[in-house]
Amino acid sequence: MCGRYVSTRRPQDLVDLFDVTRWDPDQTIDPSWNVAPTDDVWSVMERVDRDTGEVTRQLRPLRWGLVPSWAKSLNVGAKMINARVETIAEKPAYRSAFSKRRCLLPADGFYEWQAVAATDTAKAHKQPYFISPEDGQVMALAGLYEFWRDRAVADDDPAAWWATCTIITTEATDAAGRVHPRMPLAIASDGWNAWLDPAHQDTDELRALLGAPAAGHLGTRAVSTAVNNVRNNGPHLLDAADTGHA
C-alpha cells in the first residue's frame, strides 16, 4: 500500500509543470514531508465547464481517502486511500471513477515500512524507508477522485460537498519491492493528456498508461522513525537513518 508520502512543491511550480489552466491562488496547502490519510493534497485533473463545455486542466485540493458518492459517511475514506490496480475496473467503489474521474497526485516520494525483529538490545519495530526518483523529479501518482454530498449539511453550505481521492497501487518491484509488497503507480509525462481526459474511457488503454514511478529508477533509504507519528513533519524526516547493517 501507499500510506504516507511527501509533497513539497509550490503550487505555482505544479501549475507550470502540469500545464494547468485553472487554479485558485487563494487555495493553499502547506508543504508536507508526512502526508497522511484524510489530509488535503494537491491534485491535477481535467473538468468540463458546465457553461462553456470547455475542458480545463485544474490544480485543486482533494481529501486523501476516496468516499464513493453512495457512501453513508465521510469516514469511509480513511479505509480507501489506495485502490488496487488489479480490481479498479470492476469494483463498484472505483469503477466509475476509473472510467471518468482520474487525476494526478504530485509527490516527491513515498514511504514504506519494513518490520524489524526484536534483538537482545532493541524492541521489535517498523523501520520507515523513503522511496523517490533517483533524478529528484516529481512523481505524478495515478489517482481517482469522487464527489460526496453530506446530507446533514444545507445545500447552500460550502461544506455540503467533499472532493476526495485515492492512489492506485500495484505489486512492488525494484527498490520498493525490497521493502514492501505494494507500491503506488504513476503516469509518465507523455501519458498525462490521455489519463486526465474525461472522455477517454477505454479501460485497456488506460491500464497501459500505468507504470512504476520514475520508470522504476527509484532510490530508497532508511529514514528516522519520527515519520511513524503523523504529527511529526518537516524536512528532517528525510534524514538518513543508521539501521545498523549494510
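The model is predicted. Its largest nonpolar core has 30 residues. A second, separate core has 23 residues. Six aromatic pairs turn up in a search of the whole structure.

**Nonpolar cores**

- In the largest core, the residues with the most contacts inside it are F18, Y94, L104, I168, W195 and L210.
- Five elements each supply at least two residues of this core: α1, β4 (40–48), α2 (92–100), β10 (139–149) and α4 (192–196).
- Helix α2 gives the most, with four residues.
- Beyond its neighbours within four places in sequence, F18 is in contact with V44, R57, L104, P106, A140 and W192.

**Helix α2 and its packing**

- Buried residues of α2 include A93, Y94, A97, F98 and S99.
- The buried residues of this helix pack against the strands β6 (82–84), β7 (102–107), β10 and β11 (161–171).
- They also pack against the helices α4 and α5 (203–209).
- An α-helix has 3.6 residues a turn, so residues three or four places apart point the same way.

**Strand β5 and its partners**

- Strand β5 spans residues 55–64 and is mostly covered, with seven of its ten residues buried.
- β5 runs antiparallel to β4, and nine bridges pair the two.
- Within that pairing, R63 of β5 stands opposite D40.
- β4 and β5 form a hairpin with six residues between the strands. There, G53 takes a positive phi near 80°.
- β2 and β5 run parallel and are joined by two bridges. W23 has L59 of β5 as its bridge partner.
- β5 and β11 also run parallel, again with two bridges. W64 has C165 of β11 as its bridge partner.

**Aromatic contacts**

- A pair of aromatic rings is described by the distance of the centres and the angle of the planes.
- F98 and W195 form a tilted pair, 6.2 Å centre to centre with 55° between the planes.
- This pair links distant parts of the chain: F98 lies in helix α2 and W195 in helix α4, 97 residues apart.
- Y111 is buried, with a relative accessible area of 0%. W113 counts as buried at 19% relative accessibility, because the cut-off is under 20%.
- Y111, W113 and F130 form one aromatic cluster.
- The charged end of R102 sits over the ring of W195, 5.6 Å from its centre.

- Most residues other than glycine have a negative phi.
- D19 is not a glycine, yet it has a positive phi of about 55°. Its place is in the loop between α1 (11–17) and β2 (22–23).
- D19 counts as exposed, because its relative accessibility is 55% and exposed means over 50%.
- A214 also has a positive phi of about 55° without being a glycine. A214 is found in the loop between β14 (210–211) and β15 (218–222).
- A214 is partly exposed, with a relative accessible area of 32%.

Conventions: Residues are numbered from 1 along each chain as its sequence is written. This is a predicted model: local features need pLDDT of at least 70, side-chain atom pairs count only at pLDDT 80 or more; totals for chains, interfaces and linings use all residues. Side-chain values use heavy atoms; hydrogens and water are left out. Buried means under 20% relative accessible area, exposed over 50%, partly exposed in between (1.4 Å probe, protein chains only). A nonpolar core is a set of buried Ala, Val, Leu, Ile, Met, Phe, Trp, Tyr and Cys residues joined through side-chain atoms within 4.5 Å. Contact means heavy atoms within 4.5 Å. Two strands pair if DSSP finds at least two bridges between them. Rings of Phe, Tyr and Trp (its six-membered ring) pair if their centres lie within 6.5 Å; planes under 30 degrees apart count as stacked, over 60 as edge-to-face and the rest as tilted. A charge sits over a ring if NZ of Lys or CZ of Arg is within 6 Å of the ring centre and within 35 degrees of the ring normal.
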